[in-house]
Amino acid sequence: MSATIEGGRLQTAGRKAAAGGTRAAARRPAPARRTEETGPARVQAPAAEPRAETPLVSLKHRHLLGMQGLSSEEIEVILDTARSFAEVSTRTVKKVPTLRGKTVVNFFMEPSTRTRSSFEIAEKRLSADTLNFSLSQSSVVKGESLLDTARNLEAMAPDMIVIRHKASGAPHFLARHCRSNIINAGDGWHEHPTQALLDAFTIRGKKGRLKGLRVAIIGDLMHSRVLRSNIFLLKTMGADVVVCGPPTLTPVELERLGVQVTFRIDEAVEGADVIMMLRIQRERQKGGAFPTTREYYNLFGLTVERARRAKPDVIILHPGPMNRGVEIDSAVADGPYSVILEQVTNGVAVRMAVLYLLAGGTPGGLAD
Ligand code: CP
């Protein structure tokens with residue numbers, strides 16, 4: 001398959017049709033060009049680690065279901081492509097015709113503020129047609145199955161389905177039964193791959209690298225799909241990951257994923273380059289994982305004093321939504337080391353890159 005940007009529009013040929021098929025491992029990039037619509041052929045990138053040319057690989061799979069199994073090359077391609085798309089959001093007219101004529105269904109069966117709006121903005125900035133579909137507006141509340149819902153959506157010939165679902169594996173199930181490209185926007189306790197990618201984009205933008213960084217991830221480790229996706233991504237990229245939470249919210253299998261586990265927050269943040277706080281997911285907890293939120297804050301909440309144990313240039317992330325005064329103090333969340341809102345900004349560029357690459361776009365994005 002080949003893919004080029006003509007006047008900012010994605011042109012593809014010979015696209016693989018089979019569900020679950022793989023992409024050609026390498027593509028020749030189209031020549032760089034400049035047009036009225038695309039703007040600069042090569043955009044100014046934020047600080048990033050010096051590295052060789054973007055490798056000529058793209059995503060091997062036609063779906064993005066999780067970070068588990070993605071290679072470092074695939075992750076690099078998404079992050080490098082997102083750098084190119086970040087520039088679009090700084091323009092007066094924040095739109096390129098790259099996905100004109102494509103239809104994307106945002107199928108959100110769980111609440112979302114950031115992910116859903118971020119995907120929708122990303123799709124609109126790429127000129128895709130979007131359909132938003134939530135639990136309360138769907139016939140799922142009348143008892144329709146996920147498969148029947150998906151088949152009916154497919155009958156309207158969308159190109160991509162972005163799905164958030166309370167059941168782990170729901171995106172994988174759709175991928176087995178649908179022709180569309182499936183993007184996991186969070187499935188149960190399992191994975192939230194675009195969150196991990198935007199976190200990595202944010203960290204790399206600030207630190208210039210991922211390899212060798214000490215990343216402390218603290219909070220409700222049991223129910224966090226953000227944690228799992230971040231562990232897979234960060235370990236693949238060579239970061240050192242330490243996780244910390246109450247024993248009642250720490251699954252035993254985490255050590256098998258190659259991370260250090262501690263129940264003491266001071267130990268976790270000691271010397272950290274990056275601190276990522278996770279939300280306490282009260283709605284997923286069946287009962288008494290900890291006595292009170294005040295006790296949780298006393299033992300595991302990130303305060304300014306605790307953050308001082310980290311490196312002087314530490315950055316602090318949180319995927320949101322935050323429980324202020326429970327897992328994080330407002331003075332930290334709104335303080336000088338917080339990059340929480342930058343994560344949200346970067347989410348649009350990362351999702352533009354994912355949509356573009358899954359549609360067959362050339363690695364590197366608008367630059368190529
Ligand atoms: N980070 C995240 O997934 O937030 P939402 O639940 O608001 O989408």
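Predicted model: local features only at pLDDT ≥ 70, side-chain atom pairs only at ≥ 80, totals over all residues.

Colleague: Tell me about β7, then. How many of its residues are buried?
Modeller: Five of its five, so to speak: β7 is mostly covered. Both faces are covered. Arg214, Ala216 and Ile218 are buried on one side, Val215 and Ile217 on the other.

Colleague: Which sheet is that in, and what is the strand order?
Modeller: An open sheet of five strands, ordered β9-β8-β7-β10-β11, with parallel pairing. The edges are β9 (260-262) and β11 (315-317). Each has a single partner strand, so one side of each lacks a neighbour in the sheet. Neighbouring strands are turned by 20 degrees against each other on average, direction ignored.

Colleague: How many bridges hold β7 to β10?
Modeller: Four, between β7 (residues 214-218) and β10 (residues 274-277), running parallel. Ile218 stands opposite Met277 of β10.

Colleague: And how many to β8?
Modeller: Five bridges join β7 to β8, also a parallel pair. There, Ile217 has Val243 as its bridge partner in β8.

Colleague: Which helix packs on that sheet, touching β7, β8 and β10?
Modeller: Helix α6, residues 225-236. Its direction makes about 160 degrees with that of β8, which is 240-244.

Colleague: Where is Asp220 found?
Modeller: In the loop between β7 and α6.

Colleague: Buried or exposed?
Modeller: Buried. Asp220 has 27 other C-beta atoms within 10 Å, and 20 or more is what counts as buried.

Colleague: What is Asp220 in contact with, leaving aside neighbours within four places in sequence?
Modeller: Gly245, Leu249, Leu278, Arg279, Ile280 and Gln281. As for Pro251, it lies 31 residues from Asp220 in sequence, and their C-alpha atoms are 9.9 Å apart in space.

Colleague: Switching topic. What is the strand order in the open sheet of four?
Modeller: β4-β3-β5-β6, with parallel pairing. The edge strands are β4 (129-134) and β6 (181-187), each pairing on one side only. Neighbouring strands in this sheet are turned by 15 degrees against each other on average, direction ignored.

Colleague: How many bridges between β3 and β5?
Modeller: Five, joining β3 (residues 103-108) and β5 (residues 160-165), which run parallel.

Colleague: Now helix α4. Which residues are buried in it?
Modeller: Ala170, Pro171, Leu174 and Ala175. They cover an arc of only 140 degrees around the axis, which puts them on the same side of α4. Their cover includes α3 (146-154), β5 and β6.

Colleague: Where is His172?
Modeller: In that helix too: α4 runs over residues 170-177.

Colleague: Why does His172 count as partly exposed?
Modeller: Because it has 16 other C-beta atoms within 10 Å. Buried needs 20 or more, and exposed means 12 or fewer.

Colleague: How far is His172 from His63?
Modeller: Their C-alpha atoms are separated by 8.9 Å. Along the chain they are 109 residues apart.

Colleague: On to the ligand. Which residues are around it?
Modeller: Ser112, Thr113, Arg114, Thr115, Gly186, His192, Gln195, Pro319, Gly320 and Pro321. By class, the shell has two nonpolar, seven polar and one charged residues.

Colleague: Last one, the whole chain. How many helices and strands?
Modeller: 11 helices and 11 strands. Of the 368 residues, 45% count as buried. Take the contacts between residues at least 6 apart in sequence: 76% of them join residues at least 24 apart.

How values were computed
Residues numbered from 1 in each chain as written. Pairing = 2+ DSSP bridges. Helix = DSSP H or I, 4+ residues; strand = E, 2+ residues; numbered from the N terminus. Axes fitted to C-alpha atoms, helices over the stretch in contact; angles between N-to-C directions. Contact = placed C-beta atoms within 7 Å. Near = placed C-beta within 6 Å. Nonpolar A, V, L, I, M, F, W, Y, C, P; charged D, E, K, R; others polar. Arc of directions from axis to C-beta.
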